[in-house]
Amino acid sequence: MKILITLLKPLSFLPALLMMYIIFSFSAQPGEVSGNLSYKISYEIIETKSELLSENLSSEEIAYKADGIHYYVRKAAHMTEYFLLAIAISFPLYVYGVRGIWLMLLAGIVCVGFAGLDEYHQSFVDARTPAVKDVGIDSIGVFAGIIMMQFICFLGRITVFRP
């Protein structure tokens with residue numbers, strides 16, 4: 001059993017690599033494609049809200065309101081991507097014994113560094129521009145993910161996996 005755990009432990013980083021690939025793929029989309037994708041989500045949010053609350057909005061009204069939340073949906077997507085990346089990086093580090101401030105620093109540096117590289121990558125994509133503000137927004141998701149992962153792992157250690 002110990003051999004199996006030793007062999008599988010390095011595979012715990014696969015979700016982080018998958019998340020990095022997903023983020024990189026979204027960043028490789030041209031500006032128009034990326035904007036249309038997030039606009040569709042904004043439209044669906046307003047349309048669903050309209051149906052649930054029986055607002056009976058016309059498609060023009062839905063489009064107008066979707067334009068109003070489009071920016072926030074894009075930024076929430078940024079935060080969510082990096083929140084998930086932080087969890088995917090923090091968990092294996094925690095398993096390897098990195099805890100406390102060292103987990104915050106190591107996972108934070110990796111995730112925020114990746115956010116910076118991702119913004120640099122966007123400078124080479126059609127109709128996309130890098131923005132320091134996006135790295136800041138990504139960082140909010142990163143540190144929320146790291147703190148949540150530390151809390152969950154701590155609770156697991158004191159309850160389920162007690163020594």
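Is Phe-114 buried or exposed? In this predicted model, Phe-114 counts as buried, because its relative accessibility is 16% and the cut-off for burial is under 20%.

Phe-114 belongs to helix α5, which covers residues 101-122. This helix has 22 residues, and the distance from its first C-alpha to its last is 31 Å. That span is close to the 32 Å expected at 1.5 Å a residue. The buried residues of α5 include Leu-103, Ala-107, Gly-108, Cys-111, Phe-114 and Ala-115. Asp-118, Glu-119, His-121 and Gln-122 are buried in α5 as well. The cover over the buried residues of this helix includes α2, α4 and α6 (132-158).

Aromatic rings form 5 pairs in the model. One of these pairs joins Tyr-71 and Tyr-72 in an edge-to-face arrangement, with 5.4 Å centre to centre and 85 degrees between the planes. Tyr-71 counts as partly exposed, because its relative accessibility is 39%. Tyr-72, at 57% relative accessibility, counts as exposed. Tyr-82 and Phe-114 form an aromatic pair that is tilted, with 6.4 Å centre to centre and 50 degrees between the planes. Tyr-82 lies in helix α4 and Phe-114 in helix α5, so this pair ties together parts that are 32 residues apart in sequence. Tyr-82 is buried, with a relative accessible area of 0%.

Helix α4 runs over residues 59-95 and also holds Ile-87. Ile-87 has a relative accessible area of 18% and is therefore buried. With neighbours within four places in sequence left aside, the contacts of Ile-87 are Pro-92, Gly-145, Met-148 and Met-149. Ile-87 and Met-149 are 62 residues apart in sequence, but their C-alpha atoms are 6.0 Å apart in space.

Helices α2 (14-27) and α3 (31-52) each supply at least two residues of the patch. The most is given by α2, with 4 residues. Ile-22 counts as partly exposed, because its relative accessibility is 31%.

Notes:
Residues are numbered from 1 along each chain as its sequence is written. This is a predicted model: local features need pLDDT of at least 70, side-chain atom pairs count only at pLDDT 80 or more; totals for chains, interfaces and linings use all residues. Side-chain values use heavy atoms; hydrogens and water are left out. Buried means under 20% relative accessible area, exposed over 50%, partly exposed in between (1.4 Å probe, protein chains only). Contact means heavy atoms within 4.5 Å. The expected span of a helix is 1.5 Å times one less than its number of residues. Rings of Phe, Tyr and Trp (its six-membered ring) pair if their centres lie within 6.5 Å; planes under 30 degrees apart count as stacked, over 60 as edge-to-face and the rest as tilted.
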